[in-house]
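Subject: Structure for your review

Hello,

Here is the structure I said I would pass on. My notes on what was found in it follow below.

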Amino acid sequence: MKLLESKINTTLFLVITIISIGTIGYIFLSGYTFVDALYMTVITVTTVGFGEVQPFTPQEKIFTIFLILSSITVFGYGVSSFSEYLVSGKLFEHFKHRKVEKRIAHLKGHTIVCGYGRNGKQAILKLKNYNTDLVVVENDKEMSELLDSEELLNINGDATLDETLLNAGIMNAANLITALPSDANNLFVVLTASQLNKNCKIISRASNETSYSKLKIAGADNVIMPDKLGGDHMASLVTTPDVIEFVDRLTIEGETTANLEEIDVNDLPKKYIGKTILDLDLRKQTGCTVIGFRNPNKDYVINPEADSVLIRGSHLIVLGRPEQIVKLRELF
């Protein structure tokens with residue numbers, strides 16, 4: 001795309017240069033006014049064949065020959081460049097990229113996912129289930145084409161570069177997930193994203209335990225180690241199998257299959273702000289149970305007391321059967 005813009009700009013520059021040289025040349029050689037000189041230059045470089053303003057002297061004829069040959073060369077260069085991009089498909093890519101840029105420019109509070117590997121795919125699937133606006137950053141061209149076929153908004157580029165994240169709309173993004181295979185690359189992404197948008201929540205993948213603290217220092221809000229989680233889960237199936245199986249049966253995705261739901265207190269009717277969990281009376285209204293409470297300082301309370309105050313900026317974690325969760329969503 002940059003090469004295309006470069007060739008277009010070069011062609012425009014050469015055309016303007018030839019018109020300028022022609023106009024100035026006719027003014028000095030023939031004593032034309034600016035309008036007459038511009039007129040002679042335009043009909044010469046476009047080879048339309050109109051007559052001269054006045055008969056040419058030998059010097060003027062030589063200058064005109066130079067002008068015609070130069071304009072033909074520039075025209076040939078322009079046609080060649082355009083044909084090259086038309087045949088190679090790069091012109092289509094250019095306009096497709098422009099369309100993607102416009103769509104991303106209209107996004108607010110979206111999520112950027114860096115890397116379309118195993119972890120990235122799982123994250124994208126979950127985000128799609130929640131109808132979350134997202135942009136995928138993928139460096140592999142074939143993967144980008146696959147994302148296009150799946151109609152997923154994506155940027156083909158290196159996620160560690162400022163320009164790529166800016167193209168993905170990092171300035172307006174609410175969240176960023178970096179699931180690149182290299183911890184070093186994830187570290188670069190976290191550093192870049194945290195500098196560009198300090199309000200963006202950053203979640204990073206890590207392979208090595210030594211990378212955990214580095215990613216946190218760099219600005220990651222959460223660091224996930226898939227291998228460690230997998231090992232812990234397998235061990236838990238041995239030590240507490242019934243608990244793990246019960247937790248595995250819980251789901252937070254889907255409209256009619258969810259067992260867990262998060263409620264933002266800010267989204268509740270105003271009459272509940274400043275009241276208690278008891279006043280909300282979720283159990284009676286929906287059958288759901290409040291199993292967690294997060295205050296504005298992001299401190300979590302498991303199985304909170306009924307007299308916990310619903311203040312702005314806090315969240316409730318609610319447990320229920322799918323039909324109870326559906327009723328909860330209808331009411332709140």
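Glu261 has a relative accessibility of 17%, which is under the 20% limit, so this residue counts as buried. Please bear in mind that the model is a predicted one. The side chain of Glu261 forms a salt bridge with Arg329, and the closest N and O atoms are 3.1 Å apart. Glu261 belongs to strand 7 (residues 260–264) and Arg329 to helix 14 (residues 322–331), so the bridge ties together parts that lie 68 residues apart in sequence. Arg329 itself is partly exposed, at a relative accessible area of 24%.

The count of salt bridges comes to 2. Besides the pair above, Arg321 and Glu323 meet through their side chains, with an N to O distance of 2.9 Å. Arg321 is partly exposed at 48% relative accessibility, and Glu323 is partly exposed at 47%. As background, side chains of opposite charge can pair when their charged atoms come close.

Next, the nonpolar cores. The largest one has 27 residues, and the members that touch the most others are Ile112, Cys114, Val135, Ile170 and Leu176. Two or more residues each come from helix 4 (90–105), strand 1 (111–114), strand 2 (134–138), helix 8 (183–196) and helix 9 (209–218). Helix 8 contributes the most, with 3 residues.

Which residues is Ile170 in contact with, leaving aside its neighbours within four places in sequence? They are Ile112, Leu165, Leu176, Ala193, Leu196, Asn197 and Cys200.

Another core lies apart from the largest one; it has 15 residues, including Ile277, Leu280, Phe293 and Leu316. In soluble globular proteins, nonpolar side chains tend to be buried together.

Some totals for the whole protein:

- The secondary structure consists of 14 helices and 10 strands.
- Of the 332 residues, 36% are buried.
- Among contacts with a separation of 6 or more, 58% are between residues 24 or more positions apart.
- The accessible surface is about 20100 Å², and carbon and sulfur atoms hold 59% of that area.

Regards

Conventions:
Residues are numbered from 1 along each chain as its sequence is written. This is a predicted model: local features need pLDDT of at least 70, side-chain atom pairs count only at pLDDT 80 or more; totals for chains, interfaces and linings use all residues. Side-chain values use heavy atoms; hydrogens and water are left out. Helices (H or I, at least four residues) and strands (E, at least two) are DSSP runs, numbered from the N terminus. Buried means under 20% relative accessible area, exposed over 50%, partly exposed in between (1.4 Å probe, protein chains only). Contact means heavy atoms within 4.5 Å. Accessible areas come from the Shrake-Rupley method with a 1.4 Å probe; for residues, only the protein chains shown count as cover. A nonpolar core is a set of buried Ala, Val, Leu, Ile, Met, Phe, Trp, Tyr and Cys residues joined through side-chain atoms within 4.5 Å. A salt bridge is a side-chain nitrogen of Lys or Arg within 4 Å of a carboxyl oxygen of Asp or Glu.
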